[in-house]
Amino acid sequence: DSQSGRFNQVKNFLTLRGDVIITQSARDITLMTQYLEGDLTKGDFGAPVAANVTSPKISISGQALSVTNFGDRIVFKGKSKATINEGE
């Protein structure tokens, strides 16, 4: 979900802008940012702006992030913060 988006069908590349929310139900995580671009073939995405990933057990925020292989690896960049929800 986002306020606007662009999809390049030839390159299978997606750009989303404004209140971007991506959910991955298999891992029960939600990604929130203001800008996200990614390669849908490789499953590699990047947010060069502040981003937050939450699940029932943890919340992690950073000044930017990169996601590889459809979420198998998420790297937060810049000043980052993780909050673990104990008892969940």
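Which backbone nitrogen does the side chain of aspartate 39 reach? In this predicted model, the side chain of aspartate 39 comes to 3.0 Å from the backbone nitrogen of lysine 42. Aspartate 39 lies in strand E3, which spans residues 29-39, and is buried without taking part in a salt bridge. When neighbours within four places in sequence are left aside, the contacts of aspartate 39 are with Asn12, Phe13, Asp44 and Phe45.

Strand E3 also holds leucine 36, which counts as buried because its relative accessibility is 4%. With residues up to four places away in sequence not counted, leucine 36 touches Leu14, Thr15, Leu16, Val20, Ile22, Leu31, Phe45, Gly46 and Ala47. The C-alpha atom of leucine 36 is separated by 10.0 Å from that of alanine 64, a residue 28 positions away along the chain.

Side chains of opposite charge can pair when their charged atoms come close. The structure has one salt bridge by the rule applied here, and it joins the side chains of aspartate 72 and arginine 27, with an N to O distance of 2.3 Å. This pair links distant parts of the chain, 45 residues apart, since aspartate 72 sits in the loop between strand E7 (64-68) and strand E8 (73-77), while arginine 27 sits in the loop between strand E2 (13-24) and E3. Arginine 27 counts as partly exposed, because its relative accessibility is 38%.

Note on methods:
Residues are numbered from 1 along each chain as its sequence is written. This is a predicted model: local features need pLDDT of at least 70, side-chain atom pairs count only at pLDDT 80 or more; totals for chains, interfaces and linings use all residues. Side-chain values use heavy atoms; hydrogens and water are left out. Helices (H or I, at least four residues) and strands (E, at least two) are DSSP runs, numbered from the N terminus. Buried means under 20% relative accessible area, exposed over 50%, partly exposed in between (1.4 Å probe, protein chains only). Lys and Arg count as positive and Asp and Glu as negative; His and the chain ends are not counted. A salt bridge is a side-chain nitrogen of Lys or Arg within 4 Å of a carboxyl oxygen of Asp or Glu. A polar contact is a pair of N or O atoms within 3.5 Å; within protein, one must be able to donate a hydrogen and the other to accept it, and residues adjacent in sequence count only if both atoms are side-chain atoms. Contact means heavy atoms within 4.5 Å.
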